[in-house]
Amino acid sequence: MRPFELTAPTTLDDALATPGTFLAGGTTLVDLMKLNVLTPRHVLDINNVPLRGIDTTDGLRFGALERMSDIAAHPGVYPAISRALLLSASQQLRNMASIGGNLLQRTRCSYFRDVATPCNKRVPGSGCPALEGANRMHAILGSSDSCAATHASDVAVALVALDAELRLAGPDGTRTVKLAEFYRLPGDTPEVENDLHTGELITEVVVPELAWAANSTYVKVRDRQSYEFALCSAAVALDVRDGVIADARIAAGGVGTVPWRLPAVEDALRGKPATQATFEAAVSGAAEGARPLSENAFKVPLLKRTLIRALLELTEGTAR
């Protein structure tokens, strides 16, 4: 780890007025600093800035510094969000990691973490070894010739499915952006992963009220049950009335370079009976546009099976 200067602002104005890299839980930043993948000269510990609070009275509102474990355990948090958080990382990491930091963690793979290898995210234009190398964990959706790393956040998948928004503050004032529009596909600039402007900070995560989001879940498929990134995941919320699907919200993780919303699957479910046959037909095109690499073509059928598993989990006793 290279030397750096550390300061700890106590107000939002002070944090925004000081150039540097923000530190909350540090569960990703410190790890990457130890590897010299990230080498900030000035780190701002913002844990004393008043960006906490959980409000479930009108939709959901989470202060950006709320810990993942506290949100997961809070009454009134939609099951898809709670489950996504509980399936993220280890208990120790969840106790430290902030919701804002989790949403801003770097989209990365083993090549990004290895400074001895090229990586377009670390050094733009240096190349992407994953395209021809070890790529079993990589994306099949949204990748480019510059990068195929999957977005790492579990809870981002659930939040994208539920139309969450971010409140952002920066030197030029405040703004609100939908989380689904916040993340960027790699294209030719994989080092630009989101729409966060220079000096900006997430202050709050807002999920619009959705009464039937109580009928939601998050399913994560991974190589081991303990701390591991998803090979594939699905966040699903269903509004089922008299055995018919009135509405649906669906997003997938572990398969895309960003949390991958599936509006075509949602459309295919609406107005249809909540049966396994309906689910199988609806997810048939879930991987449309996929670009499998040499070792991850299995993610195409895995995505469909994961979606069906989540849909069946929500309609147990109804689907036949």
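This report covers the sheet, the nonpolar cores and the salt bridges of a predicted model.

## The sheet

Five strands build an open sheet, and their order is E4-E5-E8-E6-E7. The pairing is antiparallel. Strand E4 (54-55) and E7 stand at the edges with a single partner strand each, so one side of each has no neighbour in the sheet. Strands of a sheet pair through backbone hydrogen bonds, in either a parallel or an antiparallel sense.

Strand E6 (residues 165-170) pairs with two of these strands. With strand E7 (residues 173-178) it runs antiparallel, joined by 6 bridges. E6 and E7 make a hairpin, and 2 residues lie between them. Gly 170 has Gly 173 in E7 as its bridge partner. With strand E8 (residues 201-207), E6 pairs over 5 bridges, again in the antiparallel sense. Leu 168 links both pairings: its bridge partner in E7 is Arg 175, and in E8 it stands opposite Ile 202.

## The nonpolar cores

The largest nonpolar core holds 42 residues. Ile 81, Leu 103, Leu 159 and Leu 166 have the most contacts inside it. Helix H8 (residues 155-161) contributes the most to this core, with 7 residues. In soluble globular proteins, nonpolar side chains tend to be buried together.

What does Leu 103 touch beyond its neighbours within four places in sequence? Its contacts include Val 155, Ala 156 and Leu 159. Leu 166, Leu 179 and Val 205 are also in contact with Leu 103.

## Salt bridges across the chain

The structure has 20 salt bridges. One of them joins the side chains of Glu 204 and Arg 61, at 3.4 Å from N to O. Glu 204 sits in strand E8 and Arg 61 in strand E5 (residues 60-63), so the pair ties together parts 143 residues apart in sequence. Glu 204 is partly exposed, at 22% relative accessibility. Arg 61 is also partly exposed, with a relative accessible area of 29%.

Glu 313 and Arg 83 meet in a salt bridge of 2.4 Å, N to O. Glu 313 belongs to helix H12 (residues 299-314) and Arg 83 to helix H4 (residues 79-86), so this pair ties together parts that are 230 residues apart in sequence. Glu 313 is partly exposed, with a relative accessible area of 32%. Arg 83 is partly exposed too, at 34%.

## A buried pair and a network

Lys 220 forms a salt bridge with Asp 154; their closest N and O atoms are 2.9 Å apart. Lys 220 lies in strand E9 (residues 216-221). Asp 154 lies in the loop between helix H7 (110-113) and H8. The pair links distant parts of the chain, 66 residues apart.

Are Lys 220 and Asp 154 buried or exposed? Lys 220 is buried, with a relative accessible area of 10%. Asp 154 counts as buried at 6% relative accessibility. Both count as buried because the cut-off is under 20% relative accessible area.

A network of salt bridges links Asp 163, Asp 247, Arg 249, Arg 261, Glu 266, Asp 267 and Arg 270.

Terms used:
Residues are numbered from 1 along each chain as its sequence is written. This is a predicted model: local features need pLDDT of at least 70, side-chain atom pairs count only at pLDDT 80 or more; totals for chains, interfaces and linings use all residues. Side-chain values use heavy atoms; hydrogens and water are left out. A nonpolar core is a set of buried Ala, Val, Leu, Ile, Met, Phe, Trp, Tyr and Cys residues joined through side-chain atoms within 4.5 Å. Buried means under 20% relative accessible area, exposed over 50%, partly exposed in between (1.4 Å probe, protein chains only). Helices (H or I, at least four residues) and strands (E, at least two) are DSSP runs, numbered from the N terminus. Contact means heavy atoms within 4.5 Å. Two strands pair if DSSP finds at least two bridges between them. A salt bridge is a side-chain nitrogen of Lys or Arg within 4 Å of a carboxyl oxygen of Asp or Glu.
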